[in-house]
Amino acid sequence: MNTRRYSKAQESRVAKNLKGKRQSNSGATPFFKGDVVTEHFCIECKTSMTEKKSTSIKREWIEGIKEEAFAMGKPHLALAFNYGGLDNPENFYIIDERLFNQLQTYLEEEN
């Protein structure tokens, strides 16, 4: 399986789990940005063909998804990543501090 197929598989899982839509051509078109979009989010997905013990998050990924979320009129952005490999499909999400604070407030009010 090549890198593109691993990426497509991850994007499809993220879209399904979040009830979103996978963007054609991984958001490379001028009008449809991001890898996955939902009503509120523009999401960039990153994975690896082989399982890793660690991963580096590049600032350019965050800056790029900020621009894409703005272009798509989405109020929130996230970076979905996993540690790669077919046996490790769990995704983790990076969100900004403002949204994390909103989530924390919501959870505190629920308890």
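The model is predicted, so local features require pLDDT of at least 70 and side-chain atom pairs count only at pLDDT 80 or more, whereas totals for chains, interfaces and linings use all residues. Residues are numbered from 1 along each chain as its sequence is written, and side-chain values use heavy atoms, with hydrogens and water left out.

**The nonpolar cores**

Begin by selecting Val14, Ala15, Val36, Ile43, Cys45, Ala78 and Ala80, the seven residues of the largest nonpolar core. Such a core is a set of buried Ala, Val, Leu, Ile, Met, Phe, Trp, Tyr and Cys residues joined through side-chain atoms within 4.5 Å. Buried denotes under 20% relative accessible area, exposed over 50%, and partly exposed the range in between (1.4 Å probe, protein chains only). Colour α1 (3-18), β3 (41-46) and β4 (76-81), the elements that give two or more residues to this core. Helices (H or I, at least four residues) and strands (E, at least two) are DSSP runs, numbered from the N terminus. Apart from this core lies another, of five residues, including Val37, Ile65, Ala69 and Leu77.

Select Cys45 next. Beyond its neighbours within four places in sequence, Cys45 is in contact (heavy atoms within 4.5 Å) with Gln10, Glu11, Val14, Asp35, Val36 and Ala80. Cys45 counts as buried at 7% relative accessibility, and Cys42 is buried with a relative accessible area of 0%. Display both sulfurs: the cysteine sulfur closest to that of Cys42 belongs to Cys45, 9.8 Å away and too far for a bond. The structure holds zero disulfides (pairs of cysteine sulfur atoms within 2.5 Å).

**The salt bridges**

Three salt bridges are found in the whole structure; the term requires a side-chain nitrogen of Lys or Arg within 4 Å of a carboxyl oxygen of Asp or Glu.

- Select Glu11 and Arg22, whose side chains meet at 3.0 Å, N to O. Glu11 lies in helix α1 and Arg22 in strand β1 (residues 21-22), so the pair ties together parts that are 11 residues apart in sequence. Glu11 counts as buried at 2% relative accessibility, while Arg22 counts as partly exposed at 26%.
- Select Glu44 and Lys46, whose side chains form a salt bridge at 3.3 Å, N to O. Glu44 is buried, with a relative accessible area of 14%; Lys46 is partly exposed, at 23%.
- Select Glu63 and Lys66, where the closest N and O atoms are 3.7 Å apart. Both residues lie in helix α2, three residues apart, about one turn of the helix. Glu63 counts as partly exposed at 32% relative accessibility, and Lys66 is partly exposed at 40%.

**Ile62 in helix α2**

Stay on helix α2 (residues 59-72) and select Ile62. Not counting residues up to four places away in sequence, Ile62 touches Ile57, Leu79 and Ile94.

**The surface**

Return to helix α1 and select Lys16, which is exposed, with a relative accessible area of 70%. From its C-alpha atom to that of Val36, 20 residues apart along the chain, the separation is 9.7 Å.

Finish with Phe100, Leu103, Tyr106 and Leu107, which make a nonpolar surface patch of about 400 Å². Patches are made of residues with over 30% relative accessible area and no salt bridge, like charges being joined within 9 Å and nonpolar side chains (Val, Leu, Ile, Met, Phe, Trp, Tyr) within 5 Å. Accessible areas come from the Shrake-Rupley method with a 1.4 Å probe, and for residues only the protein chains shown count as cover.
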